[in-house]
Amino acid sequence: MAAAGPQAVSAPPSAAAPNSGKRKRAAKGKGGKSKKKKLARSDEPIRRRANKPSAKFLKLLKKRARDYNSDDDEEEGEEGEQQRGQRERPPRRRNDDHDDDEEGDLSGDDDEEAASSSGDEAGGGGGVTRFEEGCRAFRVAFQKIMSKKLPDDPLGPILSAHKKLVAAKLAEEVDERKPKSEARKEKRAAAEKGHVLPKDHLETHDKELIKIATQGVVRLFNAVSKAQKPRNDLNPSSTRDAKAV
Amino acid sequence: MRHPKSGRGKRRGRGPRIPAAVLRKQQAAAPNVDQVTGAKIPKSFVFSRGKIPSTLRHLQQDLRKVMLPYTALNLKEKKRNNLKDFLNVAGPLGVTHFMILSNPKSLPHLRMAKTPQGPTYTFQIEEYALAADIANSQKRPRCPPGIFKNSPLVVLSGFTGHGEPYKSLVQYFQYMVPAIDPNTVKLSTCQRVLLLKYDKEKGIVDFRHYSIKLQPVGVSRKIRKLMQNNQVPDLRDLKDVSDYMTKAGYGSESEVDDEAATVSLVSDVDKLNRASRKSAVRLQEIGPRMTMRLVKVESGLCSGDVLYPVPVVKGEQTEEETEGQEAEDDESADGSEDEPEDGSQDDTEDE
């Protein structure tokens, strides 16, 4: 009983999502563990196309949702079978529309009973768990990714398509860096052209130069002293010398 | 730093912005006419043309310090300033010499020119070292800021006997700094030396800048230190003061050189170097060090006829000769020897 309820409840949310998305998920779901999922997924597109369920049916679903108790799963399993029977009818109606749905339905029909026990949780959830099925699907997918053993890639965990891009970019960067740094080094060397750092001790050449400069200064000082010295000898008081001063 | 008066609109492309504060200081400190000799004091601008790397900018600043005080230390130049702008400003300020740094084809060049239509000497700087590099290489760098208050003495060597263009170059260097009158100059104002030595074989000119230090000769090191430090020495381990004086100390190796460099001072230079005492002249290198090669001489300011290297015209021998003669006539002959060429007065003293 509860199975029908959840199914109907899930109809509006499933209608909201785009068709193609559902299809993809359906395709992914094919590799999924639970076949019940397949059945549920294959149901979804059909569900959307189904006419709006009757008010009476909606009432029933609401009642079921109220009364739903996850502890009652076993019971619901029996009821689920009945519901499955109900569910089959609408799919059968739509058989001509979609091949994959057909296949899904057929396989779903075959495996229905076998999977009923495993699908009980989903079945018990029914329409309510339609959303949860989606969550569960995500959970399963996520767990699969997390349990994957990553190759020891220096690039880190990247989706495969992006990996190539990143690798290409890194390679490009490395290539670029080499000529850039070389160009920079050349520029710096050209700027320093001719700049010579002096050594700690004086070279002989420099010593010679200092000597020459010293000689020059000495000559000047001697000339100055010669020019200025006689003044001191002169006596400013005497008139004759005063003129010279 | 901008004086409020010299706002942005005022210059109108008339040349480098010289902040009014600097202008006033310059005019106060560096009168146009020398008080003593009456001759015009040569002033200089050191600037650069084109893009130059940062090391050359440091060299430019060092050269400005060499040319102090008669130069614009904080000269600001803009990209759009032409040579003409500098010329326009040079006139009213009384600037007579330009030193232009440039870096064509990544080779640093230095142009020395005389304004307004003087000859231009272009040197290629083959090697250079900054003042900071030299200070780093010395154990005791000595560069008290007071030594930049007076112009340096210029010492030229090796330029004689090589004819043109070196004769005119000698004249140029002589007049780059204000003349020194031996009769009136105070020895305490002679604190720096600029040495330019020409090496004929290599064809290069060495540029060196030293600071002058006078050291009294015949005074033991201890006494000298005592006078300098003004501190009472430590006499704990000595029994007698005479021990302090007579204790054998190490003689410095440079004392031998001092004998050749001894001068007798006329006046008191400072506390240690008194009048009529013997002192030794000791130089220590400051400032940039350059090795330059003369590559071009032009008769105008970065324009005009190329006087050196002598242009070779094939099959026109006579033209060459006349050109050579003209060049000689332009420059006045001025005998120069290995002696300080500080002013024309010097020649008279040597007679």
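Why is helix α6 (residues 166-174) of chain B largely enclosed by the rest of the structure? In this predicted model, 8 of the 9 residues of that helix are buried, so the rest of the structure largely encloses α6 of chain B. Buried here means under 20% relative accessible area. The buried set consists of Tyr166(B), Ser168(B), Leu169(B), Val170(B), Gln171(B), Tyr172(B), Phe173(B) and Gln174(B).

**Chain A on its own**

Now over to chain A, which has 11 helices and 0 strands. Read from the N terminus, its elements are simply α-α-α-α-α-α-α-α-α-α-α. Of the 245 residues in chain A, 32% are buried. If you take the contacts in chain A between residues at least 6 apart in sequence, 74% of them join residues at least 24 apart.

**Where A meets B**

The two chains share an interface in which 34 residues of chain A are in contact with 44 residues of chain B. Between them, chain A and chain B bury about 3,500 Å², with carbon and sulfur atoms giving 64% of that area. On the chain A side, Pro198(A), Leu220(A) and Phe221(A) lose the most area to chain B, and together they account for 18% of what that side buries.

| Item between chain A and chain B | Value |
|---|---|
| Salt bridges | 2 |
| Residue pairs in polar contact (both at pLDDT 80 or more) | 7 |

One of the salt bridges joins the side chains of Arg289(B) and Asp206(A), at 3.5 Å from N to O.

Which helices of chain A each supply at least two residues of the side that touches chain B? They are α9 (160-191) and α10 (204-233). The largest share comes from α10(A), with 23 residues of the side of chain A that touches chain B. Sorted by type, the residues on that side of chain A come out as 16 nonpolar, 9 polar and 9 charged.

**Putting it together**

Chain A, with its 11 helices, faces chain B with a side to which α10(A) gives the largest share. Across that interface there are 2 salt bridges, while carbon and sulfur atoms give 64% of the buried area. Over in chain B, helix α6 has 8 of its 9 residues buried.

Conventions. Residues are numbered from 1 along each chain as its sequence is written. Chains are lettered from A and ligands numbered from 1 in the order in which they are written. This is a predicted model: local features need pLDDT of at least 70, side-chain atom pairs count only at pLDDT 80 or more; totals for chains, interfaces and linings use all residues. Side-chain values use heavy atoms; hydrogens and water are left out. Contact means heavy atoms within 4.5 Å. Buried area is the accessible area (1.4 Å probe) that two parts lose on being put together, summed over both. A salt bridge is a side-chain nitrogen of Lys or Arg within 4 Å of a carboxyl oxygen of Asp or Glu. A polar contact is a pair of N or O atoms within 3.5 Å; within protein, one must be able to donate a hydrogen and the other to accept it, and residues adjacent in sequence count only if both atoms are side-chain atoms. Helices (H or I, at least four residues) and strands (E, at least two) are DSSP runs, numbered from the N terminus. Ala, Val, Leu, Ile, Met, Phe, Trp, Tyr, Cys and Pro count as nonpolar, Asp, Glu, Lys and Arg as charged, and the others, Gly among them, as polar. Buried means under 20% relative accessible area, exposed over 50%, partly exposed in between (1.4 Å probe, protein chains only).
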